[in-house]
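Here is a short report on one protein chain.

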Amino acid sequence: MRMLGLALLVVVALGVSVGITFRAFSQPQAASPGGSVQVKVTAKAAGPVYSKSAYDVTPLPQAKIEELAKKLTPAEAEVILARGTERAFCGNLTDNKMEGVYVCRLCGLPLFESGAKFHSGTGWPSFFRPVDEAHVRNVEDNSYGMERTENLCARCGAHLGHVFEDGPKPTGLRFCVNSVSLVFVEKGKELPAESRPVKTERAYFAGGCFWGVEDRLQQVPGVIGAISGYMGGSSKSPTYKEVCEGDTGHAEAVEVVFDPARVSYTDLLAVFFRIHDPTQLNRQGPDFGTQYRSAVFAADEAQLTQAKEYVEKLRGLPKYTGKKVVTQLVSAKDAGVFYPAEAYHQDYHLKHGGSCPLPPE
Ligand SMILES: [Zn+2]
């Protein structure tokens, strides 16, 4: 796997700053901390943002936040929108010891779990970590002459509280949260739709060195995650060395977890065939061997049908006139298990820069 000069990105997600101000929500009589402070959040304009636990955490547009805010009582709005603080020992969740999840009162995003709650004696519900780091956004808060870190819901910007570095193990953090910013859902009770992760599907592609394939697919809007691994071989839990030696029959492959509401399987096929050369047999650029073969490992019959249709269309394109598309289209039954590769192969391209021989687009 050698350096390739310039590898073009399939999709460039343009990050733009979106300013969301809470000023409009401030109560006229508010004496709350920082009620007139504007809060800036950053959003990717090109596509949705997902957390590792597969929640859509794309910052909500201002109009949606205003619509959601209509349901709040003045006391709730005072804390959530105007960054107020409820009185200590007055919140209904401070001493709650039941098992369950605490979701954002404004947008429903799960924020904390009972397993991370502890008794701090401060008078506010306290947690040593959020349910997912991407669900809580930290911002600097210099109000009242203090240097504090404020916590907001990452999706709607609701004020939650502050985080301090005097919490218990394992994080040493104390998320001090207003009860009023949270809604508790007891374990076993059904979560509302807005508090559930997105329904995901999986797709598997092999197109040469998995570092680059993973990197390109990871950037497609609607893709939640992509990991490098091995598929289509005979042995269980193969190592990189075994696959390199070509003994196991595995291909370097990438598992893609995607949100079918945002990106279709056919869209992923289109990207896959754009980022590698499907006419090269058992190689990709300078990488030779069956482990570098071009293959689509279908997760189900529907994917197999779509892949076959897509390849049929490709064969009719002028680009492939006189050439043979040699991509293997493998059924779910024959594809077998996807084995994630060793940790050092994951996000390799992201960590180490251009290191994969992918054709320019
Ligand atoms: Zn929220």
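The protein has eight helices and 19 strands. Helices (H or I, at least four residues) and strands (E, at least two) are DSSP runs, numbered from the N terminus. This is a predicted model: local features need pLDDT of at least 70, side-chain atom pairs count only at pLDDT 80 or more, and totals for chains, interfaces and linings use all residues. Residues are numbered from 1 along each chain as its sequence is written.

Of the 361 residues, 39% count as buried. A buried residue has 20 or more other C-beta atoms within 10 Å of its own, with C-beta atoms placed from the backbone. Among contacts between residues at least 6 apart in sequence, 72% join residues at least 24 apart. Contact here requires C-beta atoms, placed from the backbone, within 7 Å.

**A covered helix**

Helix α3 (residues 210-218) is mostly covered, with eight of its nine residues buried. Among them are Phe 210, Trp 211 and Leu 217. The buried list also includes Glu 214, Asp 215 and Arg 216. What covers the buried residues of α3 includes β12 (201-207), β13 (223-231), β14 (251-258), α5 (265-275) and α8 (348-352).

**The core**

The largest nonpolar core has 77 residues. Such a core is a set of buried Ala, Val, Leu, Ile, Met, Phe, Trp, Tyr and Cys residues joined through C-beta atoms within 7 Å. Those with the most contacts inside it are Leu 111, Cys 153, Phe 205, Leu 217, Ala 253 and Leu 268. Helix α5 gives the most to this core, with seven residues. Domain 1 (18-195) and domain 2 (201-352) both give residues to the core, so it lies between them. The domain bounds come from an automatic or database domain assignment. Beyond its neighbours within four places in sequence, Leu 268 is in contact with Ala 203, Leu 217, Val 220, Val 256, Phe 258 and Val 263.

**Strand pairing**

Six strands form an open sheet in the order β5-β6-β10-β9-β8-β7, with antiparallel pairing. β5 (117-118) and β7 (136-141) stand at the edges with a single partner strand each, so one side of each is left without a neighbour in the sheet. Two strands pair if DSSP finds at least two bridges between them. Val 139 has Glu 150 in β8 as its bridge partner.

Strand β12 is mostly covered: five of its seven residues are buried. Its Tyr 204 is bridged to Glu 255 in β14, and Gly 207 to Ser 294 in β17.

| Strand pair | Sense | Bridges |
|---|---|---|
| β7 and β8 | antiparallel | six bridges |
| β12 and β14 | antiparallel | five bridges |
| β12 and β17 | antiparallel | four bridges |

Terms used. A residue is buried if 20 or more other C-beta atoms lie within 10 Å of its own, exposed if 12 or fewer, and partly exposed in between; C-beta atoms are placed from the backbone. Two residues are in contact if their C-beta atoms, placed from the backbone, lie within 7 Å.
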